[in-house]
Amino acid sequence: MSTITEEVVDSASIAAASTKRKSLWLTAIKNPNVIIGGTILLVMLMVAILAPFLGTVDPTRIDPAGRNKKPGAEITMRLDDGTTVKRVALMGTDSLGRDVYSRVLYGARVSLAVGVAVAIIAVAIGVVIGLISGYIRWLDGIIMRIMDGLMAIPGILLAIALVSIWRAGLITVIFAIVVPDVPRVVRLVRSIVLTVREEPYVEGAISVGTPSWVLMFRHILPNCVAPLIVQGTFLAAAAILVEAALSFLGIGIPPEIPSWGNIMAEGRTLFRVFPHNILYPGIFLAFTVLAINIMGDGLRDTLDPKMSKKV
Amino acid sequence: MSDTKRPVLEVRNLSVTLPAGADRVHAVEKVSFTVNPGEIVCLVGESGSGKSVIAFTVMGLLAKALKPTSGEILLEGENILTVGETRLRELRCTRMSMIFQEPMTALNPVMTCGQQIDEVLETHTQLDQAARKAKIIAILDRVKLPEPERIYASYPHQLSGGQRQRIMIAMALVLDPVLLIADEPTTALDVTTQAEILKLIAELQTLEGTGVLFITHDFGVVAEIAHRVAVLRWGELVEMGPTEKILSRPEHGYTKMLISSVPSIHPAHRGVRKDGPTVLRTEKLGKTYSGNAFFQKARVVKAAVDVNLDIRRGETLGIVGESGSGKSTVARCIARLIDPSEGKIFLGDTEIATMKAGKLRPHRRRVQIVFQDPYRSMNPRITVGDSIIEGPMNFGLKREEALARARGLMETVRLDPNSLDRFPHQFSGGQRQRICIARALAMEPELLIADEAVSALDVSVQKQVLELLDEIRVRLNLAVLFITHDLRVAAQICDYVAVMSKGRVVEYGSAEQVFGAPKDDYTKALFAAAPGRHWEFGKFAA
């Protein structure tokens, strides 16, 4: 009886188990939001990388004769060897005669660098602290209160303080944005760790004597990857906006490096007469942030069904 | 059940297709049966047999991905499959009602129970508020809830699981439907509560002449309540007939196999006590949980109090109890997954209850645990081979040697050694549970703890896993601590049984003693509540 039983039951169970799980990553890249956002972002990335080959001139080059030209105006440029060339300023020039088109394209480099760097650094630091906080119970209270404290620091005030201590620059800006972002990642990771550590397979691993660090990185951390990617995209989008705001206020990227915030700051005084100085970097900024957010939404819907609105 | 009466429910040739890519084409295939007024028909089957799909199709609650493709469902002669959504809504609760498995989630937590029943009356009747309230109080009284007025104003979280299920029944029966569908209504409940609910359903339906379609996987429940039984397998109706006939003279091989897999409630005769060395002994083991509240008195819960147990080599000790009795707490204390608050645990001669984490590590491999949920007890992201060899490699075994051992263990648990590089989701529940046993055995433990290890499995798979566990115990001369709420399982596998209630061991002795002549009142009540206790399953008449 028992042998017959086994065969019958096994064939049933094999049939039941043969339904395959679809790969999350495969469904993610088929999501329309991910495709749209990702495409725009890819274009921005190409623009940033290929900026020197897209008909730009030196973005820091000052031309007193060609100041405040409207978009589409033809300007005469004097080259270093004394010859002159005519070119069309697609997006006009600013109050120092610098070519806005070139500045906007080069500015994409700073924005994307800040976004990516902030997301990666904040996630990397946050993961480590979050894992420790969630796993080592007695440290949890202490770490989380420190994180609460960090969250209370406004990013812009921190940036002002940092600029007055160090020099204004890319590193300072990234640091100022990362600090208040880290607690958000820590909270996310900690909450996942707290749920996953109760899973029987984690307890199973404990009872076979798996050391704590293996437990954290092998059994617990992989559960955080999908939510972290989602969180990372939103951090990157927010960081690009904050960088623009800081540069606009003159406490971010120094004026000699073009960034979207800088360009807008310079256009501010003559905004009513020459709106193009603010319009074009503004459009690029808006599109980039929008693209990242759309992609983040799509990733969230596919990778992290718990947070999704649809489910 | 006279032939002149029209059946309440008539299902003719019903087929429901599964979405493409599923393991079979039809969730339900060409199923026909009837439910007469005043009759309880049980749909029995293992998981995936399509029994719930039938219930949901009848209620018109089927998920969009599933489509009834042929056949008809006649509720008092009206074909439910062809009527519109409006008519269906009218029929629900007035002509047919459903009660669900989980009384915890089937009620809205932010509405009082009275309001939730009132919603039904408001939608389907023209009664004014006072009349509605009177009707609700009356039905609450009829389902034997104490103080109906108080219950009316209570929120679901203020009631126990059994009381919530009574609310669900009250809600389902308030408009006197002709058909009641009960989808595993007692599965989530403790055995004593289950007995009360079953009694209530049987009483109410005899009184009102309601036809009941009762879905269950438990043959004990079937023996207790059903008039007729329909056995399902992979969406097909295998056999149908009066309960008495199906249970004692089943015709189909599958039904026979299923019924003879049900463990008997009478303890199997097992060998006399072996005088092996004591593997585990607990002395006044206790675990107290206390919430840390700053401003008010901390809430203290005593999950386990004064637990004294001992297990010798080659013996199985069962801990039996209802949910919240502290049986799992004891197991987890012994495995040191949680720290006991008082008492001693001796593993051989070593006291491990108060041992620090660092010193404890070498002793970890001596106690291994197999968990209840086969779907969550293995890391879904690593192969089963890696899961099995993780432990031995932690203790310094080389990967090749560990893999060789894992292959041997796969054979021990009767699985293909070549499937070590597969992932857990590629195995069925029973297979996974066997892999978990292999993982535990890979550590060469002295004590194996099975924490409800077969509770989530279908009865036929359960039988295999139990046989496997017993075989391994004999072969490796293991000590086994078997935690279960299922008295039948305990009767079959345990040499000794400890009955726990509210954190204390109320009765402790050999299985034959405890099952044959229980002394404690709680134990007696527990046994009296076991469904189908008068029925000896698997003893078929020729």
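The C-alpha centres of domain 1 of chain B and domain 3 of chain B lie 39 Å apart. The structure is a predicted model, in which local features need pLDDT of at least 70, side-chain atom pairs count only at pLDDT 80 or more, and totals for chains, interfaces and linings use all residues. Residues are numbered from 1 along each chain as its sequence is written, while chains are lettered from A and ligands numbered from 1 in the order in which they are written.

The domain bounds come from an automatic or database domain assignment.

| Domain of chain B | Residues |
|---|---|
| domain 1 | 1-95 + 181-262 |
| domain 2 | 100-176 |
| domain 3 | 277-366 + 478-528 |

Between domain 1 and domain 3 of chain B, four residues of domain 1 are in contact with five residues of domain 3; a contact means that the C-beta atoms of two residues, placed from the backbone, lie within 7 Å.

As for confidence, pLDDT is the predictor's confidence in each residue, from 0 to 100. Chain B has a mean pLDDT of 86, and 96% of its residues reach 70 or more. The model has an ipTM of 0.77 and a pTM of 0.79.

Helices (H or I, at least four residues) and strands (E, at least two) are DSSP runs, numbered from the N terminus. Two strands pair if DSSP finds at least two bridges between them. In chain B, an open antiparallel sheet is formed by four strands in the order β12-β11-β14-β15. β12 (300-312) and β15 (350-351) of chain B are at the edges, each with a single partner strand, so one side of each has no neighbour in the sheet. Nine bridges link β11 (residues 278-290) of chain B to β12(B) in the antiparallel sense, with T278(B) opposite R312(B). Helix α11 (residues 327-334) of chain B lies across β11, β12 and β14 (342-347) of chain B and runs at about 115 degrees to β11(B). Such angles run from 0 to 180 degrees between N-to-C directions, with axes as lines fitted to C-alpha atoms, for helices over the stretch in contact.

Another antiparallel pair in chain B is β19 (residues 496-501) with β20 (residues 504-510), joined by six bridges. S501(B) has R504(B) in β20(B) as its bridge partner. The hairpin of these strands has two residues between them, and K502(B) takes a positive phi near 50 degrees there.

V320(B) belongs to strand β13 (residues 316-320) of chain B. A residue is buried if 20 or more other C-beta atoms lie within 10 Å of its own, exposed if 12 or fewer, and partly exposed in between, with C-beta atoms placed from the backbone. V320(B) is buried because 28 other C-beta atoms lie within 10 Å. Not counting residues up to four places away in sequence, V320(B) touches T484(B), L487(B), A490(B), V497(B) and V499(B). V320(B) and A490(B) are 170 residues apart in sequence, yet 7.3 Å apart in space, C-alpha to C-alpha.

Helix α6 (residues 161-173) of chain B is mostly covered, with eleven of its 13 residues buried. Its buried residues pack against β6 (96-99), α3 (113-124), α4 (129-142), β7 (179-183) and α7 (191-208) of chain B.

Chain A has twelve helices and two strands. Of its 311 residues, 41% are buried.
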